[in-house]
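I opened the notebook to record what I looked up in this structure. The entries follow the order in which I went through the strands, the chain contacts and the ligand.

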Amino acid sequence: MAFTQRLCREIIKDHFGPIVERSSRISPSFAHNSFLQKVANVLLNKGRLPCGAIALFAKLTQKQVRECLVVLIQHNIAYYAEIAERSRIVVYYEVSEEEILLRIRLGAILRYSGEWFGKEGALVAQHILRNELVLFTKAFTNMVRERFLVAVQAQDSISAKDRAINAEAAELEKLLMPPTAKELKNIRKLRDDRADAEYHSSVVIGMKRKLAESVGNQAKRHAPEVLEEVEEEFYFRINNDRYNIRFRNEVIVNYAVDRINRSAGIVTKTMLDHGEEKMRRTKEDKSPAVTAVQISQLIPATINLETDIVLESAEFTANSLPSKQQLVHEYLELLQTDSAGFLRKEDERGAGLYVVAFDKLRDHLKRKVLDSVVREKYGSASCRLMKILSEKGKLDEKQVRAIIVVMVGMSYFTTIVVRMALATRFVISLICVQKLALLPAKETRERLATLGTQGYLELQEVPKAADRAPSRTFYLWHVPLNQCYATLLVDLYRTLGNIRQRKRDEISARSRLLDKAQRQDVIENQALLSEEEQEHLRLLNETIAKLDVGELRIDGLITILRDI
Amino acid sequence: MASKSDSQDDLDDPSSSSARPSKKSSLVVPPNLSDQEALFYKTAAKFTLGIREGQLESEIPEIPVVKIVEIINSLSKKGFLEILFIGNTKAFRIVKYEEAGKIASMEMETMMVYKQIKAAGNEGIWTKVLKHKTNLHQQVITRCLKALELKQMIKAIKNVKYPTRKMYMLYELSPSVEVTGGAWYTDQELDTEFIENVAKACYKFIYSRSFPRGQPDAVFAASYSGLPTATQIRRFILDSKISSIDLSLDDIIALLDVLIYDGKIEKRMPVFGGATGADPDWSDDEAVGDAEWRYKANRERKAGREESEPWTEVPCGRCPVFKFCTADGPINPSSCVYYQKWLEF
Ligand code: SF4
């Protein structure tokens, strides 16, 4: 946890710290920024606090703290909660680590906004991120319509958990008697359903829309031809979920290109683009369904699918080329049979409906990241061992635990018998491991031990004798996949923290030079910089670029581990 | 006599299947047996694992069933026949004439030890198990083993699974694959270099059959039927003389499994009228009817993109002191030498 916090601090420092202050107009004064950092740090370290306590810890006045909190809430980093304590209501504040960590991706968000909505799009995103006034341009309208921007609502400043608790409390209020367990369950389910429905509704809040069927309270009805407009009384923020959906889709398309080929990528992309409008979260199990016919209609005629697939059936000879629909069908077949499980057939009747199997792909991609990290760091043999253990060694953990619990109540002799039974099974499996992996026993043991100390494997020791001597103990290995992913994610956060710190150091070490380079007269006349200074500047730029690339690629891994 | 001519066939034609009836190169029928006893002895000799009770009638139709019990009793009394229990049926195995003589001359304890070793077959037996089974004193066992070894009736072997265990088996047997580890072992040591070479060759072969030649981004359709099976891969390896040893199909499959674990290839269900799939629910044990698994290579990473792993590209990903590095501790990013080096241009 400490490392996530550290990265959070780094991000806040980066986004609200002196460097930002120098180059942008994000907030009025330098002092303000350092206050902001203090407040954020206090909240990061101590968790939820009321204003007074924050002031105490941050050694600021309550007024200063309140100002900072406003900024943090504006940026959607902080939440508040009103809690009744005896007769009065106390307001607690907290910062959300998740939201801060999402800010790693701001650079990517800016870049892609530019790519997807033109220069204007990038500008809009930039303005929104800085909490500045935005002109309602066309790009802006588009971004709202496609939900890359969403209207800020009052409840956004309350954490999701609090919202759930409040909703539940409101329901309970209506009851006369304390609820039964079943009633409580119903209420919770109702609450979750409602939240879900809200999330999945097709009404875009803050926009006068033509498509909405149900009557939203803010949106006015218009005939379809009427241009859509953004309602002016709303404030908007970046919708991270929406951006992440795009990022995820890109990851999947790239992977299809890597694994199969360019045309398979096109087919996948067509499917994802088609359903994108209906996607709300990255954690969905599958994409909206499409038929093969739809897909082949959606693929532009200019794209030639046939050059890179070799069909062997006799029907397709040189003079009767396969139709586009046939080709699409072939690619769907390929994507479906691929072991990464890109597609799934939803409906066996007729031509069939296809969906992109996010659930399966998610597991596959995560596993791939883990495998490649293990392979790079510990060698391919270790990666192989882990694969074997996680595939063949599934038996162990649960059964072992269960058996050990049972053993507590047994006589010593029975215990030994059970232990032996248990152990022989595993001894066989350990031998299996080394046999399956075609690795020498000694190497196998060493590699397993290394992976164990690095937290990629879990070890269960089953001593054969009461003295627990290592030579008379069976070692049962197990791959805790989810834990591996979590550890890896934290390691990546930690690395990002390191890179950012280093980057800040590199910049501040040459701050004088940078100051000079950014002076108006110097910008106009580069000759004012000495040759040496120019060389230094070039070096600095290269250094930063290298660090940025590293950061970006690691962020790609984080996307896969966290957001897909 | 039908049975006799059968055994004759076995002798003459070494290629004939000897799955059950084993070839006897020189079977000495003990003297002083009756004709029927001799016939029984010869017939039973064809079965290394012993002739089953149920097989008697069909294998030796010449002897009436009622007589058979008598013959069995007299043979086993003379020490030429052992009775084994396989599951809940009985089987009868002959004891070779020369052996019977040797055993008859042994002392009681040695015979016990010998019998246990013999029962272990080509798996060998661990001295500890031997002690447990015979209930003899360790010293006695050691003495017996020495005596037997001296007479060249048993030999010590090494088991790849348990290199530290002292194991014994009959002198004339050759250790089973379990014991030697199979083709991948040379002198009880895994021959990693050899394995790697064969694996590489397999991968290349599969790769060449998985993608159309000469078109860098092209693929075969899902209905493509040219993916190789393990048998075909084995043939290729044998034909190309990469290995001087005769690799069995199981050896090749073990190697292919390793390639699968390494993510280099994958196993595919054979094509059934277009509907195929690398369905994970198919477990390996379900030998999919007569159809064989086919193997497909995964595309190699494209050059230019993702040639290195993102995390290990930055120093922290391969840093030996990663766990000790903190923002302001003795090891920290600001003064980190690995970055220093990495950022040098
Ligand atoms: S900053 Fe340097 S010392 Fe710290 S983890 Fe990274 S490479 Fe290792």
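**Entry 1, a hairpin in chain A.** I started with the hairpin of E2(A) and E3(A), where Arg86(A) has a positive phi near 50 degrees. Two residues lie between the strands of this hairpin. I kept in mind throughout that the model is predicted. Strand E2 of chain A covers residues 78-85, and its antiparallel pairing with E3(A) runs over eight bridges. I picked out one bridge to look at: Glu82(A) has Val91(A) in E3(A) as its partner.

**Entry 2, the rest of that sheet.** I then followed E3(A), residues 88-95, to its pairing with E1 of chain A, residues 49-50. These two strands run antiparallel and are joined by two bridges. Here Pro50(A) is placed opposite Tyr92(A) of E3(A). I wrote the sheet down as open, with three strands in the order E1-E3-E2 of chain A and antiparallel pairing. E1 and E2 of chain A are at the edges and have a single partner strand each, so each has one side without a neighbour in the sheet.

**Entry 3, the sheet in chain B.** Which order do the three strands of the open sheet in chain B take? I read it as E1-E3-E2, again with antiparallel pairing. The edges are strand E1 (51-52) and strand E2 (81-86) of chain B; each has a single partner strand, so one side of each lacks a neighbour in the sheet. I checked E1(B) against E3 of chain B, residues 89-94, and found an antiparallel pairing over two bridges. Arg52(B) sits opposite Ala91(B) in E3(B).

I looked for pairing between the chains. Strand E9 of chain A, residues 309-310, pairs with strand E9 of chain B, residues 219-220. This pairing is parallel and has two bridges. Ile309(A) is opposite Val219(B) in E9(B).

I noted 61 residues of chain A in contact with 58 residues of chain B. The area buried between chain A and chain B comes to about 5500 Å², and carbon and sulfur atoms give 54% of it. Which three residues supply more of the area that chain A buries against chain B than any other three? They are Leu438(A), Arg502(A) and Arg553(A), which supply 14%.

I counted three salt bridges between chain A and chain B. In one of these, Arg259(A) is bonded to Glu266(B), with the closest N and O atoms 2.7 Å apart. I also listed 17 residue pairs in polar contact across the interface of chain A and chain B. Helix H20 of chain A, residues 481-509, gives the largest share of the side of chain A that touches chain B, namely 11 residues. That side of chain A has 23 nonpolar, 13 polar and 25 charged residues.

Where does the ligand lie? I found the ligand between chains A and B.

Methods:
Residues are numbered from 1 along each chain as its sequence is written. Chains are lettered from A and ligands numbered from 1 in the order in which they are written. This is a predicted model: local features need pLDDT of at least 70, side-chain atom pairs count only at pLDDT 80 or more; totals for chains, interfaces and linings use all residues. Side-chain values use heavy atoms; hydrogens and water are left out. Contact means heavy atoms within 4.5 Å. Buried area is the accessible area (1.4 Å probe) that two parts lose on being put together, summed over both. A salt bridge is a side-chain nitrogen of Lys or Arg within 4 Å of a carboxyl oxygen of Asp or Glu. A polar contact is a pair of N or O atoms within 3.5 Å; within protein, one must be able to donate a hydrogen and the other to accept it, and residues adjacent in sequence count only if both atoms are side-chain atoms. Helices (H or I, at least four residues) and strands (E, at least two) are DSSP runs, numbered from the N terminus. Ala, Val, Leu, Ile, Met, Phe, Trp, Tyr, Cys and Pro count as nonpolar, Asp, Glu, Lys and Arg as charged, and the others, Gly among them, as polar. Two strands pair if DSSP finds at least two bridges between them. A residue is near a molecule or strand if one of its heavy atoms lies within 4 Å of it.
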